[in-house]
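Q: I have a model open and would like to go through it piece by piece. Can you take my questions as they come?

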Amino acid sequence: MTTSPTAQHVARRLTQNAGRYGAVLLRTYGIVLAFLVLVAVVAASSPEFATRTNIFNLFSQWAPAGIMAVAMTFVILAGGFDLSIASGFSLCAVTAAGVGRTEDPAVAFLAALGVGLAIGLVNGVLVEGARINPFITTVGTGFILNGIALVVTGNIAYVVDDPDFGTVGAGRWHGFPYSGMILIFSLVAGGLVLARTVYGQSIYAVGGNAEASRLSGIRVSTTVGSTYVWSGLSMGVAGIIAASQLNSAQANINPNIVFDVITIVVVGGTSLGGGIGAMWRTAVGLGIIAIISNAFSLANINPYYQDIVKGCIIVGALALDVYARRLAGRARTRPRAAAAPAHPDAPPGGGDRG
């Protein structure tokens with residue numbers, strides 16, 4: 001019995017489509033698979049990892065970086081970049097602690113948020129108003145903010161005696177930290193804004209093609225500038241949490257946090273080119289980086305090796321991003337009949353959300 005040419009053609013098309021769907025699913029959700037494998041490996045190698053205390057402590061420890069990663073996702077999706085977050089985070093923490101020494105904690109926290117808002121506005125105006133390259137702009141403002149923090153404090157720690165000051169950062173509800181709740185709320189709210197609002201769609205559009213977005217009526221400068229405002233506010237929230245956890249703050253409180261934030265976003269799969277990514281990816285990236293760091297601590301491995309691992313992860317993630325963009329470019333040049341199936345995260349009207 002012979003197979004007709006039509007049957008062979010159908011079988012070949014089914015095989016090709018199955019392969020394409022498999023490739024799309026792997027490209028889209030492969031990061032989730034990597035996360036699950038990592039959790040299984042670390043849990044099997046260290047019994048302490050899966051304990052309630054350790055998991056809750058991870059939420060508390062990574063809340064500042066995770067909250068700023070939420071805002072950084074907005075900035076990068078819109079085609080921008082913010083390297084001032086470490087210095088801004090430090091200045092906001094110093095502001096909260098400095099005001100908190102003499103004023104009510106609520107006043108101190110509002111002051112920190114005000115400083116963060118001002119930082120975001122300045123960055124947004126310089127990037128979109130003055131049209132200065134975002135890398136140069138935020139590196140420069142980062143130096144300025146770091147200098148302000150050092151001058152104001154004299155590089156001396158501000159210690160807060162009011163026990164209520166530590167409630168936000170160190171307080172817990174049934175053992176779960178308030179800072180972890182703020183982190184979860186930020187991730188969920190950020191994801192909903194990106195996926196369900198016109199503003200979120202505008203961010204994807206601007207990051208994907210700014211000129212086309214401008215021609216379609218989107219206020220590109222306002223959209224991009226607003227993401228820096230969110231970044232500034234996230235510095236304020238993160239600074240409040242850090243100062244509240246320690247009941248103190250000092251200039252240069254955590255200068256390497258900028259690398260943690262960038263690593264979280266990039267590892268999750270958000271493209272540095274803009275227009276591709278999703279908040280759930282940032283959440284998964286946060287989980288991966290937090291677990292890797294925790295695994296090093298539980299295994300009593302020299303923490304300096306963490307920097308080596310993080311550097312390798314960033315380079316690898318960027319290499320994959322470049323490779324994925326090349327594949328996407330080739331797919332767009334193929335005939336329509338041979339095109340791969342739509343990406344599960346693709347926004348209405350085209351594009352790719354990673």
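What follows is a chat about the fold, a pocket, the core, some helices and a few loop residues.

Q: What kind of model is this, and how many helices and strands does the protein chain have?
A: This is a predicted model. The protein chain has 13 helices and four strands.

Q: How much of the protein chain is buried?
A: Buried residues make up 45% of the 354 residues.

Q: And what share of the contacts in the protein chain is between residues 24 or more positions apart?
A: Counting contacts with a separation of 6 or more, 79% are between residues 24 or more positions apart.

Q: How does the lining split by class?
A: There are 13 nonpolar, 10 polar and three charged residues in the lining of the second largest pocket.

Q: What does Trp-62 touch?
A: Leaving out residues up to four places away in sequence, Trp-62 touches Leu-183, Asp-260, Ile-264, Leu-286, Ile-289, Ala-290, Ser-293 and Lys-310. Asp-260 and Lys-310 are also among the residues nearest the centre of the second largest pocket.

Q: Which residues have the most contacts inside the largest nonpolar core?
A: Trp-62, Met-68, Met-72 and Val-261 do, in a core of 75 residues. The largest share of this core, 13 residues, comes from α2.

Q: Back to α10. Is it enclosed or open, and why?
A: α10 is largely enclosed by the rest of the structure, because 20 of its 27 residues are buried.

Q: How far apart are its end C-alpha atoms, and what span should α10 have?
A: The end C-alpha atoms of α10 are 40 Å apart, and at 1.5 Å a residue its 27 residues should span 39 Å, which agrees.

Q: What happens just after α10?
A: Asn-247 takes a positive phi of about 55° there.

Q: How many residues of α3 are buried?
A: In α3, 15 of the 16 residues are buried, so this helix too is largely enclosed by the rest of the structure.

Q: Ser-84 is in the loop between α2 and α3. Is Ser-84 buried or exposed?
A: Ser-84 counts as buried, because its relative accessibility is 0%. Beyond its neighbours within four places in sequence, Ser-84 is in contact with Asn-123, Thr-138, Thr-141, Gly-142, Leu-145 and Met-235. Ser-84 and Gly-140 are 56 residues apart in sequence, with 7.9 Å between their C-alpha atoms.

Q: Which residues of α4 are buried?
A: The buried residues of α4 include Pro-105, Phe-109, Gly-116, Ile-119, Asn-123 and Val-127. What covers the buried residues of α4 includes α3, α5, α6 (167–170) and α10.

Q: How far does α4 reach?
A: α4 has 25 residues and reaches 35 Å from its first C-alpha to its last, close to the 36 Å expected.

Q: What about Asn-300?
A: Asn-300 has a positive phi near 55° and is likewise not a glycine. Asn-300 is placed in the loop between α12 and α13. At 71% relative accessibility, Asn-300 counts as exposed.

Note on methods:
Residues are numbered from 1 along each chain as its sequence is written. This is a predicted model: local features need pLDDT of at least 70, side-chain atom pairs count only at pLDDT 80 or more; totals for chains, interfaces and linings use all residues. Side-chain values use heavy atoms; hydrogens and water are left out. On a 1 Å grid over the protein atoms alone, a cavity is a set of points where a 1.4 Å probe fits but cannot get out, and a pocket is an open set with protein on both sides within 12 Å along at least five of seven lines; lining residues have an atom within 4 Å of a point. Ala, Val, Leu, Ile, Met, Phe, Trp, Tyr, Cys and Pro count as nonpolar, Asp, Glu, Lys and Arg as charged, and the others, Gly among them, as polar. A nonpolar core is a set of buried Ala, Val, Leu, Ile, Met, Phe, Trp, Tyr and Cys residues joined through side-chain atoms within 4.5 Å. Buried means under 20% relative accessible area, exposed over 50%, partly exposed in between (1.4 Å probe, protein chains only). Helices (H or I, at least four residues) and strands (E, at least two) are DSSP runs, numbered from the N terminus. Contact means heavy atoms within 4.5 Å. The expected span of a helix is 1.5 Å times one less than its number of residues.
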